[in-house]
Amino acid sequence: MRQFKLLLAAIALLCAMPCFGKQINLRGKWEHKKKSIPIGLPMDASIEEANRELIVNFHEDLDDVCVIVTSSTGEVIYNEKVQTRDITFLIVPLDYQSMGMVQITDGYNNIYGEFVNN
């Protein structure tokens with residue numbers, strides 16, 4: 001009986017863990033406002049293949065940033081100003097877009113990355 005409970009607990013934990021999507025290689029330069037030595041970019045992005053969603057995670061408060069997602073033909077799919085002090089992540093549904101580009105900017109700094117949504 002104890003083994004059965006452990007097995008059920010393990011299955012419940014596996015179901016509750018988020019599925020990590022395919023990482024998007026972000027390029028560009030972002031000047032940090034803090035005086036500490038930053039490691040990497042203050043955000044990351046990934047494609048959740050099961051739901052066809054683009055997920056952008058903000059690791060620190062960047063004030064207001066603009067997130068622009070374009071299709072492979074250059075059509076703007078998503079263009080929104082985000083207040084990163086209020087939210088830590090952003091989810092953009094991609095629907096039927098198979099390829100495109102994400103750009104994150106605050107007017108001074110610019111980060112971009114291409115994605116493929118299989």
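In this report, a contact, or touch, means heavy atoms within 4.5 Å. The structure is a predicted model, in which local features need pLDDT of at least 70 and side-chain atom pairs count only at pLDDT 80 or more, while totals for chains, interfaces and linings use all residues. Residues are numbered from 1 along each chain as its sequence is written, and side-chain values use heavy atoms, with hydrogens and water left out.

**Overall architecture**

Of the 118 residues, 31% count as buried; buried means under 20% relative accessible area, exposed over 50%, and partly exposed in between, with a 1.4 Å probe and protein chains only. The chain exposes about 8,200 Å², of which carbon and sulfur atoms supply 57%; this area comes from the Shrake-Rupley method with a 1.4 Å probe. Among contacts between residues at least 6 apart in sequence, 51% join residues at least 24 apart.

**Strand pairing**

Two strands pair if DSSP finds at least two bridges between them. Strands E1, E3, E4 and E7 form an open sheet in the order E1-E3-E4-E7, with antiparallel pairing. Its edge strands are E1 (22–24) and E7, each of which pairs on one side only. Neighbouring strands of this sheet are turned by 25 degrees against each other on average, direction ignored; the axes are lines fitted to C-alpha atoms.

| Strand pair | Bridges | Example of bridge partners |
|---|---|---|
| E3 and E4 | Six bridges | Aspartate 44 and asparagine 57 |
| E5 and E6 | Seven bridges | Valine 69 and tyrosine 78 |

E5 and E6 form a hairpin with four residues between them. Within that turn, glycine 74 has a positive phi of about 95 degrees.

**The nonpolar core**

A nonpolar core is a set of buried Ala, Val, Leu, Ile, Met, Phe, Trp, Tyr and Cys residues joined through side-chain atoms within 4.5 Å. The largest such core has 22 residues, and Leu54, Phe58, Val67 and Ile104 touch the most other members. At least two residues of this core come from each of the strands E3 (43–48), E4 (53–58), E5 (64–71), E6 (76–83), E7 (89–93), E8 (99–105) and E9 (110–116). In soluble globular proteins, nonpolar side chains tend to be buried together.

**Two residues of strand E8**

Threonine 105 lies in strand E8 and counts as buried because its relative accessibility is 16%. Its side chain reaches the backbone nitrogen of glycine 107 at 3.1 Å. Beyond four places in sequence, threonine 105 touches Trp30, Val65, Cys66 and Asn110.

Methionine 99 also lies in strand E8, but at 42% relative accessibility this residue counts as partly exposed. Methionine 99 touches Thr70, Ser71, Ser72, Phe115 and Val116, again without residues up to four places away in sequence. Methionine 99 and threonine 73 are 26 residues apart in sequence, and their C-alpha atoms are 9.0 Å apart in space.

Terms used: Axes are lines fitted to C-alpha atoms, for helices over the stretch in contact, and angles run from 0 to 180 degrees between N-to-C directions. A polar contact is a pair of N or O atoms within 3.5 Å; within protein, one must be able to donate a hydrogen and the other to accept it, and residues adjacent in sequence count only if both atoms are side-chain atoms.
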